[in-house]
Amino acid sequence: MSRLILSRRRLMSAGTVGLAGLMLEGCDRLSHAPRFQNAIGRTEDLTKASQRLLLTGQPLAKEFSATQISPVFKPNGSVMPDSDAYQELMANNFADWRLVVEGLVRRPVQLSLDQLKAMPARTQITRHDCVEGWSAVGQWTGVQLARVLNLVSPLPQARYVVFRCADDLANTGDASGLYYESIDFFDALHPQTILAYELNGKPLPVANGAPLRLRVERQLGYKQAKYVMRIQLVDRLDQLGRGKGGFWEDRGYAWYAGI
Ligand SMILES: Nc1nc2c(c(=O)[nH]1)N[C@H]1C(S)=C(S)[C@@H](COP(=O)(O)O)O[C@H]1N2
Ligand SMILES: [Mo]
């Protein structure tokens with residue numbers, strides 16, 4: 001009881017009354033997600049102020065020092081998308097690649113790698129944990145996803161951010177085998193959630209997801225979508241793929257892979 005009151009006071013003094021109220025109602029982060037989404041949805045725009053409110057009190061994933069970077073960041077899953085379209089983009093050093101951001105947004109955009117690099121960058125050294133039982137520490141540089149979402153003005157009904165990838169991991173030869181992932185706005189607006197174009201100070205290698213991959217640092221490896229071609233804002237996940245919100249989720253993994 002006294003602990004609750006103390007933390008409520010502490011949070012209130014930080015100017016986060018609404019968030020404190022929500023945090024004290026229960027422990028399950030996911031059960032609060034829809035309420036948060038609606039709260040955001042009511043605002044006209046994802047303004048900086050609403051982002052700050054949403055993010056206040058959210059824990060950061062641990063960041064490491066440069067000496068702790070793994071000598072090799074083991075590539076896993078797809079290491080080279082084999083579609084003609086991807087191969088052509090790669091042959092031209094991704095100069096013709098465009099990130100499409102669309103769906104439940106007011107202003108869909110297409111962004112080149114140079115345009116993404118011209119936006120303010122964030123660099124972070126974090127540990128990647130794969131459910132297959134290996135970890136690696138890497139330094140990622142990219143643009144915060146929140147900044148890209150600000151550009152497109154999400155519509156009030158947008159609840160999830162979906163990442164469509166270039167690789168046909170299931171080897172079906174059609175769109176049904178393409179890798180995809182999804183996150184909610186808690187993770188999408190988190191300051192450590194970035195669209196990374198550099199690994200360890202160098203352009204992102206193809207094996208690790210060139211030209212652009214998601215880093216959503218409080219989640220396990222399979223959420224870190226590589227070869228991101230298209231970002232789609234949606235209000236539900238059950239109409240994508242087999243309905244569970246991601247390539248591995250459709251094959252039995254948990255959608256929430258927070259650590
Ligand atoms: N597009 C795409 N993204 C992906 C995968 C994949 O096969 N394709 N594998 C996932 C898994 S299980 C892990 S552990 C990490 C591996 O990232 P890495 O190749 O940089 O180590 O990417 C994730 N994102
Ligand atoms: Mo993984």
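I began with contacts (heavy atoms within 4.5 Å). In the protein chain, of those between residues at least 6 apart in sequence, 69% join residues at least 24 apart.

I noted the ground rules next. This is a predicted model, where local features need pLDDT of at least 70, side-chain atom pairs count only at pLDDT 80 or more, and totals for chains, interfaces and linings use all residues. Residues are numbered from 1 along each chain as its sequence is written, chains are lettered from A and ligands numbered from 1 in the order written, and side-chain values use heavy atoms, without hydrogens or water.

I looked up the secondary structure. The protein chain has eight helices and ten strands, taken as DSSP runs (H or I, at least four residues; E, at least two) numbered from the N terminus.

I checked burial. Of the 259 residues in the protein chain, 49% are buried, meaning under 20% relative accessible area (1.4 Å probe, protein chains only). The chain exposes about 12,700 Å² by the Shrake-Rupley method with a 1.4 Å probe. Carbon and sulfur atoms supply 53% of that area.

I turned to ligand 1. It has 22 residues around it, each with a heavy atom within 4 Å. Lys74, Asn76, Asp167, Arg213 and Lys226 come nearest.

I listed polar contacts (N or O pairs within 3.5 Å). A backbone N or O atom of Lys74 lies 2.5 Å from a ligand 1 oxygen. The Lys226 side chain places an N or O atom 2.5 Å from an oxygen atom of ligand 1. Asp167 has a polar side-chain atom 2.7 Å from a ligand 1 nitrogen.

I compared areas. Alone, ligand 1 exposes 530 Å², and the protein buries 99% of that. β3 (122-130) and β5 (160-168) each give two or more residues to the shell.

Terms used. A polar contact is a pair of N or O atoms within 3.5 Å; within protein, one must be able to donate a hydrogen and the other to accept it, and residues adjacent in sequence count only if both atoms are side-chain atoms. Buried means under 20% relative accessible area, exposed over 50%, partly exposed in between (1.4 Å probe, protein chains only).
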